[in-house]
Amino acid sequence: MRRILSSVRDGRGFDIVLVGVPFAFLFALAGLPLIYNILMSFQEVDMFSLGSVIRPFVGVDNYVALFRQPETWPILTNTLIFVVGSIAGQFVIGFGLALFFWTNFPGASWLRGLFLVSWVMPGLVVGAIWNWILSGDFGVLNFFLRESGLITANIFWRSDPSFSLWAVVIANIWLGTSFNMILLSVGLSAIPGDLYEAADMDGANAWQRFWTITLPMMRSTIGAIIALGLIFTLQQFDLFAAITDGGPNNSSNVAQYWAWDLSFRQYDFGRGATISVIMTVFVMFAAAVYVRSTRHEVRG
Amino acid sequence: MTQQIELSGVNKYYGAYHALRDINLAIPKGAFVALVGPSGCGKSTLLRSLAGLETISSGDLVIAGERMNDMPPRKRDLAMVFQSYALYPHMTVEQNLTYSLRIKGVKKAEAKKAAEEVAAITGLSDLLHRYPRELSGGQRQRVAMSRAIIRHPKAFLFDEPLSNLDAALRVHMRKEIRALHDRLGATSVYVTHDQVEAMTMADHVVIMRAGVIEQQGRPLDLYDRPANRFVAGFIGSPAMNFIPARVAEDGRSVLLDLPGSQVLAIDFSLPPGHAVLVGIRPEHLKIASAGQSGFDVSIAAVESTGATTFVTTATTPEITFLLNERSSLEAGEKVRLTFEGKNIHVFDAESEQRLGT
């Protein structure tokens, strides 16, 4: 019995089974939908053909038609602004906080943990909170801006086309900052303290130490966090649903929200799938950067 | 001689913990000073205080005539070789060496030339473009040294630089560091827990325990005239034997607390009945020839390394002595040990301080 068992365990077949099970799982639950999505982007899909896999093949018609739509470029631009604005804000504030907590004042680690509260909150809840904060007539943000003299009239964050996208960006920065901060804190604490002592003895002041030791030593962490940020911001859906609904007049619409809107509100499944495919390409790129930078650890 | 580093009345507290107690130390220009002691004795704290990586709580720290108490490390112009080497892992050897120069704004070509010169001295010329992770322990150690040398600092601080190397390389680097020190005419402060390193490398050895300097002086002076039992036991390997004894009625001899109540003459007088410790180094004990006076012991163990034979006795306390020739001694045998009177050290049993001359 034991021999049979060990022949099963030691055989090549068993290794393949071990790899195969998770692979099959991944393929069924992530691979197939992805392939199905790509397939749909080359087909003509409507409510009636939704149930069948074989549908009229239209080549790149969906892609061509999509880029002929007048709202496509503004929405892609919005997506770019949303991604860059969110990542920049999350990273800069997160890094600032990480450096601040790194000074290790009494209670620093406790307080740092508390910051994660914003990250564990569901996007819809965060959206609801920010709806109140951003509210035009009685919002807290307007109150502070008015009282500090930065604005004279209330800003209608959610309904003014020139602010609506930024309303979501602000909420998303709030949501993602603490995650950035935690990852960057881990990166900072992984830098051996004696490097700073050596640099200090070598004549470097705090500013020079930051540029010559901290930043280069954090390169892989920063690469990873920006790639993760790209992935997370392209996934951000709840905040749009909760705060602006993509409006007014698509002024705060982004690709991921639009894809959903096209597919499940306008029932234009082909175009919805087309946008998803375009986004998948970008996310794949980010994932590649992430994998590369986590593999490229600089350690002596 | 001018003093390069002077510490007077230096104290250091970590909260309630008194890490350095009233340290007074003067290091002349060009000296090689070793700070030695068991772990936790404050030697590293003292070195880090010199470096400015720790601030002293009171007292004065003067480097090259300038009071440095509150000066940050980068303005003290001292170079340190860390136990961990603390090489910058994201920089090549050359970049590691030129880091301090680049910070100072030295021109690229000039810094490169300086790095090449130093690398030639320390044998790193072929490794300038490697990263620290591609180097062996010994090579990293050289990079750490070179990084210090390139700066021509007011003094070199070494924090147990050889403790991560294997025994053979350690012995080799010992000589190399000392040779470099002489060649550069540098002032060096060297922390180690290894008394052999301290004895062989330094001109001046400072022995510390529990934040206090127990004794300082030239290595052989410490060996010949240890100020107290701690120093006597710390310097020398194998360690000095200590035998409890009591001063005899005449005040000029002691009764060893060993079987047979053996009497030992001393060449100074002590109050009769006083409890003392008699210290005698293993290398100063000899087996007595017939008719010679001494004290009788039985052998517990004989260990030979080939060149030297270590013998331990079955007495309480155990006594160790060395024989420089092959020996047919065996466990259980009885021998008479003898020694020259000038080679014994007498310490007060209570205060453990040296008595007499």
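How many Å separate the centres of domain 1 of chain B and domain 2 of chain B, taken over C-alpha atoms? The separation is 39 Å. Domain 1 of chain B covers 3-234, and domain 2 covers 241-355. Those bounds come from an automatic or database domain assignment.

Some ground rules. This is a predicted model, where local features need pLDDT of at least 70, side-chain atom pairs count only at pLDDT 80 or more, and totals for chains, interfaces and linings use all residues. Residues are numbered from 1 along each chain as its sequence is written, while chains are lettered from A and ligands numbered from 1 in the order in which they are written.

Now chain B as a whole. Its C-alpha trace spans about 80 × 45 × 35 Å along the principal axes. Chain B holds eight helices and 21 strands. These are DSSP runs, numbered from the N terminus: helices are H or I with at least four residues, strands are E with at least two.

Next, the partner chain. In chain B, 20 residues are in contact with 17 residues of chain A. Contact means that the C-beta atoms of two residues, placed from the backbone, lie within 7 Å. On the side of chain B that touches chain A, helix 2 of chain B gives the largest share, four residues. By class, that side of chain B has 14 nonpolar, three polar and three charged residues. Nonpolar here covers Ala, Val, Leu, Ile, Met, Phe, Trp, Tyr, Cys and Pro; charged covers Asp, Glu, Lys and Arg; the others, Gly among them, are polar.
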